[in-house]
Amino acid sequence: MVARGPAGGGRRGTGGAQTGNPGALPDGAGARGITRRLFLNGSLKATLAASLASRLSLGALLGGQAGGVKPATAARRYDGELIEESYDIAHRLRDGTLVIPSSLVPEGPLHDAIVLGGGVSGLMAAWELERGGLSDVVLYEKEDYIGGNARKGHANGTDYTCATWSVVRPKDPFLLKLFQDLGIVQGIAADGTPRIDPLLVGPGPDNNVLVDGTWYRGPMYGADPAEAIQRMPLSERDRKDEIEFYRDMNGWADKRGRDGRPAFAMPVEEGSRDPGILELDRITMLEYARRKGWGAYTLSEVDDWSTSDIGGQASEVSAYAFLSFNSLGQGGEDITLPGGNAWLAGRLTDKVGADRTRTELMAVRVENRGEEVRVTLVDARTGRFSARRARCAVIACPKHITGRMVPELAAAGREAYLGYRYGALLMGAASVRRTPRLKGAPPAWFNSADGRLIQGFLIADYNSDRWRKGDPDRPNVLCLWAPLGGRATRADLLVEPWSHWADLMADDLESMVPGISADLTRLDVYVWGHHMVIPAPGFLTGDARRGLTRPLGRITFAHSDRNGMPSFELATRAGYDAAREALAIVRGLPKSS
Ligand SMILES: Cc1cc2nc3c(=O)[nH]c(=O)nc-3n(C[C@H](O)[C@H](O)[C@H](O)COP(=O)(O)OP(=O)(O)OC[C@H]3O[C@@H](n4cnc5c(N)ncnc54)[C@H](O)[C@@H]3O)c2cc1C
């Protein structure tokens with residue numbers, strides 16, 4: 001599991017640091033942000049209560065000074081910048097203000113296939129197209145790097161992740177085969193368990209939780225959560241709820257429907273069709289938690305897992321999505337390296353061949369033209385438009401962009417992309433002169449706490465020689481995890497400068513690790529404006545998503561949002577399936593549904 005949710009744990013997520021009153025959560029974003037902070041300390045509580053009374057905006061609250069926490073603006077001795085994906089052209093495309101030339105003469109040869117989007121889904125698609133026998137495959141990516149949100153940076157002698165963290169042990173044949181092909185699985189043990197390359201498995205400890213100013217080891221994956229939870233200074237009621245919640249998550253991993261199929265699978269289409277289980281896609285996770293009778297503390301934890309793992313608040317995401325994501329996220333230690341999943345993107349790029357990838361070229365139009373697909377690209381540096389053509393195209397870009405690139409979707413009545421909603425997230429990369437020492441426990445990979453903006457921090461050099469050698473004073477990078485869900489809006493991302501976010505993050509960090517501000521030398525803030533598609537009730541088991549993503553002429557659709565939830569498994573599976581569909585089209589075989 002993860003640092004994330006101990007028992008269930010997708011790859012991201014947090015443990016039970018909540019000290020808020022999530023009874024207020026469902027009523028809206030602002031309510032959630034406020035309640036989480038109310039419990040940080042008494043003076044903050046007073047500040048926020050006063051702010052609430054005077055109906056200040058959430059943005060104002062976030063910008064306000066937390067009682068007891070040093071105002072970072074006065075004390076800022078670090079540098080940094082806001083690092084965003086390029087969105088100017090995408091916004092003009094969305095708004096209909098991008099003038100796309102219609103009579104461009106295609107350049108270059110008729111390719112076998114064009115892949116659009118260089119995240120892990122696009123990389124997987126390109127590789128599968130090549131394995132399927134297409135020799136001329138080319139991949140276009142709008143940014144100046146390949147990997148999408150499997151992206152890393154480097155500082156203080158360590159790689160650090162700018163977004164993704166890790167992958168879990170394979171539980172289905174697709175992922176097992178992929179991990180074998182990528183050299184991650186090195187064999188199968190006598191009991192049938194895949195043997196993971198030991199260098200890729202984190203050394204632990206995975207997860208700390210901050211409660212009342214002291215860090216506690218979080219419940220460990222696979223073990224009974226009771227032991228860890230008993231050690232935390234919680235009320236009897238909260239303890240009972242927490243144990244029940246973790247056990248409930250654990251329990252879903254092994255459940256089967258009345259049809260004998262696993263309750264959940266990835267993609268969801270391969271899970272049980274038992275109406276009793278599908279019914280969970282009609283209610284939100286908040287409703288599920290309330291029916292269980294869990295109190296405020298655990299409701300807050302559920303909400304943290306929700307924003308952290310699947311991008312939306314518990315009041316937005318379906319119970320089916322939450323339970324399947326977290327129960328399938330189980331699997332033992334995480335497979336990770338410093339830099340998050342960037343190393344996986346690197347291995348996939350090696351399979352594809354770096355010479356087949358082209359960066360800083362954004363696709364703005366994709367059209368079927370008889371026996372070929374015509375793609376219009378714009379050079380992100382010069383603004384020059386050009387056209388390319390291929391026998392098929394796989395689009396591995398998020399659907400809110402894809403929908404605007406493919407005019408035929410509207411003509412075919414496949415406009416479900418307009419209803420796709422995505423979460424937004426910030427990841428801070430805080431360079432510190434010394435790895436922090438924590439009160440109560442040694443640092444873990446993820447240290448989960450309730451800040452005004454951040455939900456905790458990863459220590460970047462986890463699973464490295466530096467970590468294992470254990471020099472406690474080594475310089476490091478702390479990756480500050482900040483899903484916005486309810487704490488700020490996407491619109492805030494467009495207007496607030498680096499200093500706004502950096503100050504909030506630095507203040508949060510100081511409240512979690514008192515004194516650390518003196519060691520902070522740089523704080524870069526990575527912005528992920530549409531980072532995870534939010535699986536609201538009905539999204540996963542309904543027809544709209546499948547209808548949108550079936551092949552259209554010679555165009556097929558990948559990206560993790562094809563499968564409705566954000567994970568490496570689902571991204572690569574989407575790329576694979578879209579590539580198989582494209583191969584069938586090129587070969588003139590009946591298309592898979
Ligand atoms: C902050 C964060 C943390 C995450 N952590 C994990 C984790 O720990 N484990 C896990 O399994 N999953 C994690 N995920 C989920 C992650 O999204 C998937 O695992 C996977 O990396 C998604 O790959 P993708 O190819 O579907 O999408 P993306 O990574 O979004 O790739 C899409 C690519 O398409 C490009 N693009 C978009 N439009 C165009 C265009 N018009 N023309 C050309 N290129 C275009 C984009 O620039 C991007 O590179 C995380 C996601 C985020 C955002």
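Trainee: How are residues numbered, and which pLDDT limits apply?
Mentor: Residues are numbered from 1 along each chain as its sequence is written. In this predicted model, totals for chains, interfaces and linings use all residues, side-chain atom pairs count only at pLDDT 80 or more, and local features need pLDDT of at least 70.

Trainee: At what angle do the axes of helix 6 and helix 14 cross?
Mentor: Helices (H or I, at least four residues) and strands (E, at least two) are DSSP runs, numbered from the N terminus. Axes are lines fitted to C-alpha atoms, for helices over the stretch in contact, and angles run from 0 to 180 degrees between N-to-C directions. The axes of helix 6 (residues 120–131) and helix 14 (residues 342–352) come within 9 Å, and their crossing angle is roughly 25°.

Trainee: Why is this pair called roughly parallel?
Mentor: Angles under 35 degrees count as roughly parallel, over 145 as roughly antiparallel, 65 to 115 as roughly perpendicular and the rest as oblique. The crossing is at roughly 25°. Helix 6 is therefore, relative to helix 14, roughly parallel.

Trainee: How many nonpolar, polar and charged residues make the contact of helix 6 with helix 14?
Mentor: Contact means C-beta atoms, placed from the backbone, within 7 Å. Ala, Val, Leu, Ile, Met, Phe, Trp, Tyr, Cys and Pro count as nonpolar, Asp, Glu, Lys and Arg as charged, and the others, Gly among them, as polar. The division is nine nonpolar, one polar and two charged.

Trainee: How many charged residues are in the contact of helix 9 with helix 12?
Mentor: Asp-238, Asp-241, Glu-242 and Phe-245 of helix 9 meet Tyr-297, Thr-298 and Glu-301 of helix 12. Two are nonpolar and one is polar; the charged residues number four.

Trainee: Which residues are closest to the ligand?
Mentor: A residue is near if its C-beta atom, placed from the backbone, lies within 6 Å. The shell holds 41 residues. They divide into 21 nonpolar, 14 polar and six charged. The closest are Gly-117, Gly-119, Ser-121, Gly-148 and His-531.

Trainee: Which residue does a cis peptide bond join to Gly-204?
Mentor: Omega there is about -5°.

Trainee: Where is Pro-267?
Mentor: The peptide bond from Met-266 to Pro-267 is cis, with omega near -5°. Pro-267 sits in the loop between helix 9 and helix 10 (275–278).

Methods. Contact = placed C-beta atoms within 7 Å.
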